[in-house]
Amino acid sequence: MPSEINAIILAGGKNSRMEGRDKAFLEIEGKPIVEHLINKFKALVNEIIVVTNNPEKYSAYPVKLASDEKPGLGPLMGIYCGLKASSAGYNFVAACDMPFLDTGLIKYMIDSPRAYDALIPEIDNQLHPLCGLYSRNCLAVIEEMLRQDRRDVRSIFPKLKVRYLAKEELVKFDKGLFSFVNINTEDEYKKSPDYLPLLRGRL
């Protein structure tokens, strides 16, 4: 087990497009999404950190908890607080609404040579910063962006050494790129069972 790697699950959002329902606890195949993520990470990382402003919801899970220092500043604040809470040099960051994240892809990213500050998937010119590996070296740059009230995670990348994972690399492990499916709305949640026959028991 790569003890120098931790996982950070971002669960501090407002869930505004889910009419207040907590995305982390939407059930797929009888389990909350966050439980699926914890189960995927637990064999691959040393510690799992959940960044949440509702820590009482996670009392049943073997995770470390962190809260946003300033709620309402989005995922960049979540990454910042997760990295601050982590003892590991590198951390796999995932949003709490990605139930189909592939363990083979996680392992590939974790095992990649670490000559970078961040390792970020890029599919058809679209970055996926909430499914990436981040070094604690990112903290100073993130702090600077937050101080400037720049909340887009992508704003930190020009100031960091970033390796982008091309689609050609990603499909070797996740042919359908289901890892990058987010459950953001009620409609997306209703469609989630449609993916299950295509996942071949990956959950």
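Contact, in these legends, means heavy atoms within 4.5 Å. The model shown is predicted, so local features need pLDDT of at least 70 and side-chain atom pairs count only at pLDDT 80 or more, while totals for chains, interfaces and linings use all residues. Residues are numbered from 1 along each chain as its sequence is written, and side-chain values use heavy atoms, with hydrogens and water left out.

**View 1. Phe 41 and its contacts.** Not counting residues up to four places away in sequence, Phe 41 touches Ala 7, Ile 9, Ile 48, Phe 92, Ala 94, Leu 101 and Ile 106. Phe 41 counts as buried because its relative accessibility is 0%, where buried means under 20% relative accessible area, exposed means over 50%, and partly exposed lies in between (1.4 Å probe, protein chains only).

**View 2. The largest nonpolar core.** A nonpolar core is a set of buried Ala, Val, Leu, Ile, Met, Phe, Trp, Tyr and Cys residues joined through side-chain atoms within 4.5 Å. The largest one here has 45 residues, and those with the most contacts inside it are Ile 9, Phe 41 and Phe 92. Two or more residues each are given to this core by strand S1 (5-10), helix H1 (33-41), strand S4 (48-51), strand S6 (90-95), helix H3 (103-111), strand S7 (118-123) and strand S9 (131-135). Helices (H or I, at least four residues) and strands (E, at least two) are DSSP runs, numbered from the N terminus. H1 supplies the largest share of this core, five residues. A second, separate core has 29 residues, including Ile 8, Leu 83, Ile 120 and Ile 156. In soluble globular proteins, nonpolar side chains tend to be buried together.

**View 3. Helix H1 and its surroundings.** H1 is mostly covered, with seven of its nine residues buried. These buried residues are Ile 33, Val 34, His 36, Leu 37, Ile 38, Lys 40 and Phe 41, and they pack against S1, strand S2 (27-28), strand S3 (31-32), S4, S6 and H3.

**View 4. Aromatic pairs.** Rings of Phe, Tyr and Trp (its six-membered ring) pair if their centres lie within 6.5 Å; planes under 30 degrees apart count as stacked, over 60 as edge-to-face, and the rest as tilted. By this rule the count comes to six aromatic pairs. One of them joins Phe 41 and Phe 92, a tilted pair with 5.5 Å centre to centre and 55 degrees between the planes. This pair links distant parts of the chain, since Phe 41 is in helix H1 and Phe 92 is in strand S6, 51 residues apart. The rings of Phe 157 and Tyr 164 form an edge-to-face pair, because their centres are 6.4 Å apart and their planes stand at 85 degrees. Phe 157 counts as buried at 5% relative accessibility, whereas Tyr 164 counts as partly exposed at 34%. Ring pairs also link Phe 25, Tyr 58 and Tyr 61 into a cluster.

**View 5. Pro 121 in strand S7.** Pro 121 is found in strand S7 and counts as buried, because its relative accessibility is 0%. Not counting residues up to four places away in sequence, Pro 121 touches Met 109, Gln 126, Leu 127, His 128, Cys 131, Gly 132, Leu 165, Leu 170 and Phe 180.

**View 6. Asp 68 in a loop.** Asp 68 lies in the loop between strand S5 (64-66) and helix H2 (75-85), and this residue is buried, with a relative accessible area of 10%. Not counting residues up to four places away in sequence, Asp 68 touches Gly 12, Val 51, Asn 53, Met 77, Gly 78 and Cys 81. The C-alpha atoms of Asp 68 and Tyr 80, which are twelve residues apart along the chain, are separated by 8.5 Å.

**View 7. Two loop residues with positive phi.** Glu 29 has a phi near 55 degrees, a positive value in a residue other than glycine, and its place is in the loop between S2 and S3. Glu 29 counts as exposed because its relative accessibility is 57%. Leu 177 likewise has a positive phi, near 55 degrees, and is found in the loop between helix H5 (167-170) and helix H6 (186-191). Leu 177 counts as buried at 15% relative accessibility.
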